[in-house]
Every structure is written in C-alpha cells, then in structure tokens.
Amino acid sequence: MARLSSPFDTMARLQQALDSYRTSPWLNAGLSGGGAFPPINVFRKGDGFALVAEIPGVGKDDIEIQVKGRSVRLSGNKAMAYPEGSATHRRERLAGRFDRALSLPIEIDPDHVEAELSDGVLTLSLNRAERDRPRTIKVA
Amino acid sequence: MSGGQTGIRETGSKEVEESQELSVQEKKETSGQERPAPGRYFVPSTDAHETEGGLTLVMEMPGVRRENLEVTLEEGVLKVEGRLDFSRYDGLEPVYTEYNVGHYERSFALSEKVDQQNIGATLENGVLTLTLPKSPAARPRRIDIS
C-alpha cells in the first residue's frame with residue numbers, strides 16, 4: 001500500500017484507497033453488525049491504529065468511548081432539536097442512540113489512547129499494549 | 001446546479017420519527033461537473049424547517065473547518081461549499097474503511113420571501129446551521145377585527 005505522504009497526491013490517493021478497502025474483509029470477524037453508526041475508517045499508524053469516525057452533531061458529552069482488550073466501543077446519542085411547531089420541508093439527517101464495538105487484531109494499551117473530537121470527526125489513536133508486542137528471540 | 005429547492009411554499013408539518021437505533025447513511029456524491037477544487041464532492045445531508053420568523057437549514061459536513069467553509073449568495077441562489085483538509089491523513093495507511101471522504105457542496109434557490117441581507121451561519125461539531133429570516137412583508141400577521 002502506498003503511504004500517503006505527498007501532499008500533492010494525498011487527496012486522490014486517499015479517496016482511491018478508501019474505496020478499494022471498503023470491500024476488505026479485514027475486520028469482518030470482529031464487526032458487531034454492518035451499517036452501524038458511526039461509520040468508521042481504520043488506518044495503520046506506526047505499530048498501532050487510528051480510528052476515524054464521522055459523528056456530526058455529536059458533542060463531547062454525548063459520546064462514550066470504552067477500550068478493553070482488543071475491542072473499542074463507541075456509544076452515545078445523536079440528538080437534533082428543532083423548535084416546536086416548526087414546519088418540516090426536508091428531513092435527511094438521522095438522530096438516535098448508537099452503540100457499536102469494533103475488534104482490532106492487536107491488544108490495545110488502555111492507558112495510551114488519545115481521543116480527539118473536532119468538526120464532527122472523532123479520531124482515536126490506539127497503541128499496541130506492551131505485553132502484546134512481538135519480542136525478538138535470540139537463538140542460543 | 002445540483003441540489004434541491006427550498007422555498008417557503010410548503011407548510012404542512014410532518015411528525016419526525018426518532019429512530020431508536022441509528023444506522024449509517026450512505027454519502028451521496030454530486031454529479032460530475034467541473035469544479036474549482038479537484039476531488040470528489042458529496043451532498044451534505046440537510047434538514048430544512050420553517051417557523052414564523054424564517055427558514056433554517058441544517059447541514060452535516062463532518063471534517064470541514066470554519067476557514068474552509070464558504071457560503072455565497074448570488075442571484076437568489078445560496079451556495080454552500082465546504083472543503084476538506086486532507087493533511088490529517090498524512091502518514092496513515094487505510095486497512096479497513098466504511099466511508100469515503102471529500103468536499104461538500106449544495107445549492108438552494110431562495111424565494112423572494114427570504115430576507116437575503118440577514119442570513120446567519122454557525123458551524124458546530126461539523127454541522128452548519130443557516131438561518132434565513134423572512135422579509136418583514138412575508139411574515140404572518142394577525143389582523144385584529146375591529
């Protein structure tokens with residue numbers, strides 16, 4: 001896989017790569033139901049992973065993130081508040097509760113998870129737990 | 001121009017069903033045409049509702065920062081364009097993906113009843129809210145019977 005390092009090509013290559021990995025069976029065994037909200041993209045980042053999820057309209061206080069072993073759980077509530085008595089012309093956004101878990105192929109270090117929510121996008125940086133790291137064995 | 005028309009004609013109020021379990025909406029890509037910035041464009045999911053004072057448009061544009069958002073009004077057409085900054089993906093290698101990313105664009109034809117001088121916009125958590133007040137002449141008035 002090409003690394004997305006050149007800013008000039010980053011966008012086109014990223015979009016292409018995102019498409020081609022949509023059919024990837026990489027996480028199939030670990031997914032708790034497809035099509036669950038929020039949609040998540042998983043990236044390899046160093047020897048850990050970055051999870052990026054689109055959750056527009058969900059604030060910091062409306063989301064709960066849990067990490068245990070290999071799995072990450074995102075739950076919360078996406079609410080929409082419109083004034084009473086207003087007439088609806090168009091309704092395309094969805095609201096409701098969400099709760100989904102994702103299993104990764106590595107054990108996650110729960111003490112070093114970084115979560116950032118900006119502009120409706122949640123980014124989780126997950127590192128491999130120390131005891132899950134590969135060790136080099138010297139032949140005696 | 002892609003996108004729908006939101007005038008102030010329709011008045012029937014609809015009950016909104018709150019789905020208990022949220023599902024993912026597949027992003028809609030805009031039809032191909034030449035654009036100022038390269039890359040894909042998506043149609044932001046939009047709610048429109050009307051009160052006595054005016055019309056409100058609520059558009060989901062996750063990942064768009066305030067400085068990359070452009071709202072223009074030209075000849076009665078309100079155009080919203082949000083561009084994505086792809087630098088946050090530098091050095092990341094996708095291994096599993098459920099959605100694609102791109103810029104957002106949508107246009108709305110405004111009716112003359114909108115006070116086009118006083119349109120307001122706020123962006124919070126990737127959601128753009130546009131308030132389109134009705135021009136004074138278009139506001140409902142109660143007529144007292146003498």
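## Core, contact and strands

Leaving aside neighbours within four places in sequence, Phe49(A) is in contact (C-beta atoms, placed from the backbone, within 7 Å) with Val42(A), Phe43(A), Arg44(A), Leu104(A) and Leu126(A). The model is predicted: local features need pLDDT of at least 70, side-chain atom pairs count only at pLDDT 80 or more, and totals for chains, interfaces and linings use all residues. Residues are numbered from 1 along each chain as its sequence is written, and chains are lettered from A in the order in which they are written.

Phe49(A) also belongs to the largest nonpolar core, which has 47 residues. Such a core joins buried Ala, Val, Leu, Ile, Met, Phe, Trp, Tyr and Cys residues through C-beta atoms within 7 Å. Buried means 20 or more other C-beta atoms within 10 Å of a residue's own. Strand β2 (residues 48-54) of chain A gives the largest share of this core, 5 residues. Strands are DSSP runs (E, at least two residues), numbered from the N terminus.

The contact between the chains takes 53 residues from chain A and 50 residues from chain B. On the side of chain B that touches chain A, β3(B) supplies the largest share, 5 residues.

Two strands pair if DSSP finds at least two bridges between them.

| Strands | Bridges |
|---|---|
| β1(A) (residues 40-45) and β7(B) | 3 bridges |
| β5(B) and β6(B) (residues 77-82) | 6 bridges |

Phe43(A) stands opposite Pro94(B) in β7(B). Val71(B) faces Val80(B) in β6(B). The hairpin of β5(B) and β6(B) has 2 residues between the strands. Glu75(B), in the turn, has a positive phi of about 50°. Of the 6 residues of β5(B), 0 are buried, so the strand lies largely in the open.

Definitions and conventions:
Buried ≥ 20, exposed ≤ 12 C-beta atoms within 10 Å, placed from the backbone. Helix = DSSP H or I, 4+ residues; strand = E, 2+ residues; numbered from the N terminus. Contact = placed C-beta atoms within 7 Å.
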